[in-house]
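Reader: I would like a close look at a single part of this model, taken slowly and with the terms spelled out.

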Amino acid sequence: MINTANGMISQSSSSANAQSPGLKTYFKTPEGRYKLHYEKTYPSGLLHYAHGKTVTQATLAHLKEKPAPSTPTAPPSSFSASSGVVRSAAAKLLGTGNGSRTLGFGGGNGGSKSISGSSRIGSLGASSSSTSMTNTNFDGKGTYIIFNVGDAIFISDLNSQDKDPIKSIHFSNSNPVCHAFDQDAKDGHDLLIGLNSGDVYSVSLRQQLQDVGKKLVGAHHYNKDGSVNNSRCTSVAWVPGGEGAFVVGHADGNLYVYEKSKDGAGDSSFPVIKDQTQFSVAHPRYSKSNPIARWHICQGSINSIAFSTDGAYLATVGRDGYLRVFDYSKEQLICGGKSYYGALLCCAWSMDGKYILTGGEDDLVQVWSMEDRKVVAWGEGHNSWVSGVAFDSYWSQPNSDGTAETVMYRFGSVGQDTRLLLWDLEMDEIVVPLRRGPLGGSPTFSTGSQSAHWDNVCPVGTLQPAPSMRDVPKLSPLVAHRVHTEPLSGLIFTQESVLTVCREGHIKIWMRPGVAESQSSSSETVLSTSSKDKPLLSSKVVTSSYRQ
Amino acid sequence: MGAAGSKLEKALGDQFPEGERYFGLENFGNTCYCNSVLQALYFCVPFREQLLDYYSNNKNLGDAEENLLTCLADLFTQIRAQKKKTGVIAPKRFVQRLKKQNELFRSYMHQDAHEFLNFLLNELVDILEKEEAAKSDPESSSPSEKTANGPTNGLANGVRKEPLVTWVHKNFQGILTNETRCLRCETVTARDETFFDLSLDIEQNSSITSCLKNFSSTETLNAEDKFFCDKCCSLQEAQKRMKIKKSPHTLVIHLKRFKYIEQLGRYKKLSYRVVFPLELKLSNTAEDADIEYSLFAVVVHVGSGPNHGHYVSLVKSHNHWLFFDDENVEMIDESAVQTFFGSAQEYSSNTDHGYILFYESLGAGSNKS
């Protein structure tokens, strides 16, 4: 699957133009151009009637051969990444740098597990111990995009230029609406699929790829026919380091904990929720039950959930506009706060667990600080609801050596305004955003002049009311680019690219600066591009020295 | 229809709110523009209560002349007094009165729901002002000037002229400040204007928040469109912006979906996807606190063109969402509201678009008089 970069780019850009007039196939950032590399979508045979009924979500899955028992692996540290969407490791933040392969396998410190983020390295390490490669679709890189459209789940090979998926799975009973992949699954089942009917399946992704049919094979079925909860699944997530435990959020404000190995034959009845407005956790009376716990989180829908990378915390956002952060093992509400107004739709953790991004119906991207237990910045720039947020853990801070007084984060957001926005968040030790919005009128904040409200850290378990507009420092986007013609539903950062997903099932892959030109299957190249000496930058240096 | 009513009753079961009535309104030939707005107004509870209070307090004042206010109050009274919880009512007198009053609405053509709402609210205010004028100062009959001349309305100091504030004003009126800054002398000219609703320009794939932001964004007046500065005594370039000085208790937002297209020489319906949240705050106000609003009614235009189509309304009553389509009333899920946002593509089978949004203030200290 080695393609000449030129061929791929011209093809993708021409098709992009044909499909979406007026959309550019690149956007500029301070570090260079992001280029539309290719697109993924579903076969055109699927009619439009399916549209609008479901919103497409995408999950990245990396299939690698399990290392043989003798292969040195990182100890089961608290840093085992999990779900496909958030499983990128912040090597940068841990000081090891991206792509530290030797460290990753030999080191054995917590940070070494950054392997889970850098997919190429993983596959390289795996290929040495690979025994069976029966699946013809398996191209040796093994990164797949799983996405739902209408009544189907589609699986595309991330690294092939084919627009169409390599596999489709149709559901006859209800529409699949959410999914998650477990990078560290110990046995077969690594993919979760949640349905509109409330049903949940766990399957082995590899097994699906090996099967030629259009049905789910070898699935475990949970909450069958909505027997435990018949409201829509809104999000599913594997518990990081949870030995096959996973959680399912529902549209009625309940979240259930399941164990994939457990046969759910027992009685799974839960006591009646006494107070709909209060958080409560209940365990079933029978030990054989699967689900093993029910968390009543809020009134109205849970819209999105996310585990911190170490699995210690679970964040939820919902219809009531609240972000809630729970200590997962203690089953306790730690902190949380309300949006400016309206529902919150999405959330994501920073790799170091210090910040949570949320986006919602107030058009704002909110930065929540775990240390301060409050909102520390609002990103203003979307012209409609914010439907996807993510930190870019692969982005490396310019001039990061030496002046270590500030930590910078790069994050992205997508919205129903069809645009992708990139943001820089610069935090000094005392957590004050340095990049403030140019929009006049809002007072600037320094560490000294903040209000009393601002300095108080609230006690454990209390939820903050909505801040007022002038109390929160504003961020402005670095880049705002219209990437699709349809409202967007999500974004994913990978080492080489940014993926944007629209509600209607189209996915675009935007190559990072310097990556598209030198795209190849060699992981060596990927390693070099991910290091600070990007080809683009070095070529610039060459040019200037040539002039001299 | 009776079956539909019982279906709604069944759906609500013992959750049917006490004292509440859900009645469809009969269509007398293209009167859906009227029916959809009437339902939204009926479920604007403070408005309904104040109308009925006013009517019961003033009914016996002798003067039994029929007008739009009495017709509306009669209709609301009639709905509320129904023995059945659901059913259909014919707003016959109201529609007849409306047609008598305004020839615009006399034809059987498709009418604009926003124009009707505007006409109705202004008509109610006129009637109230006339009655008030007749009460306090029987000689003077000019309703608009009277407060400027008269020493009425308890303004003992009489420093400012205060126009009569009726319960219609208390419900719907807000104040906009139109600030113009002359770019030569930097003088800011502020002009206040009152509104019953905000008419917003819309863009494809945007939100109400964004449309509101554009509404109050700064606009430069130059070239053909210069500003006459009183200080400079000449036409100057200037910057203009609209600010909400006083937010209304009930915020009515009209989306300008019917746009005159010059090349076509006619109006065209914009089917743009404009998302509206169930809660909203106005942040660009001159007031200190950000006032929070909650969506309680949506008038929906159904159809692809401006000159034909249909109007229905979505109404939130006692935490349930109801769908009113002339005679029919159904319960819908809150999440169904988002099917009325519009379409991201120009040609779409979905032609049901939110047209007038009704938000009620959740803020404490709002008038409950």
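How are α2(B) and α6(B) oriented to each other?

Author: This is a predicted model, in which local features need pLDDT of at least 70 and side-chain atom pairs count only at pLDDT 80 or more, while totals for chains, interfaces and linings use all residues. Residues are numbered from 1 along each chain as its sequence is written, and chains are lettered from A and ligands numbered from 1 in the order in which they are written.

Helix α2 (residues 32–42) of chain B packs with helix α6 (residues 113–136) of chain B at an angle of about 60 degrees, their axes lying 9 Å apart; helices here are DSSP runs of H or I, at least four residues, numbered from the N terminus, and axes are lines fitted to C-alpha atoms over the stretch in contact, with angles running from 0 to 180 degrees between N-to-C directions. α2(B) and α6(B) are therefore oblique to each other, given that angles under 35 degrees count as roughly parallel, over 145 as roughly antiparallel, 65 to 115 as roughly perpendicular and the rest as oblique. Their crossing is right-handed, a term used if the near helix is turned clockwise from the far one by less than a right angle.

On the α2(B) side, the contact is made by B:Y33, B:C34, B:S36 and B:V37, and on the α6(B) side by B:A113, B:F116 and B:L117, where contact requires C-beta atoms, placed from the backbone, to lie within 7 Å. By class, these residues of the contact comprise six nonpolar, one polar and no charged, with Ala, Val, Leu, Ile, Met, Phe, Trp, Tyr, Cys and Pro counted as nonpolar, Asp, Glu, Lys and Arg as charged, and the others, Gly among them, as polar.

For a second pair in the chain, helix α4 (residues 68–80) of chain B and helix α5 (residues 92–101) of chain B pack at about 165 degrees, with axes 9 Å apart, and are therefore roughly antiparallel to each other.

Notes. Helices (H or I, at least four residues) and strands (E, at least two) are DSSP runs, numbered from the N terminus. Two residues are in contact if their C-beta atoms, placed from the backbone, lie within 7 Å.
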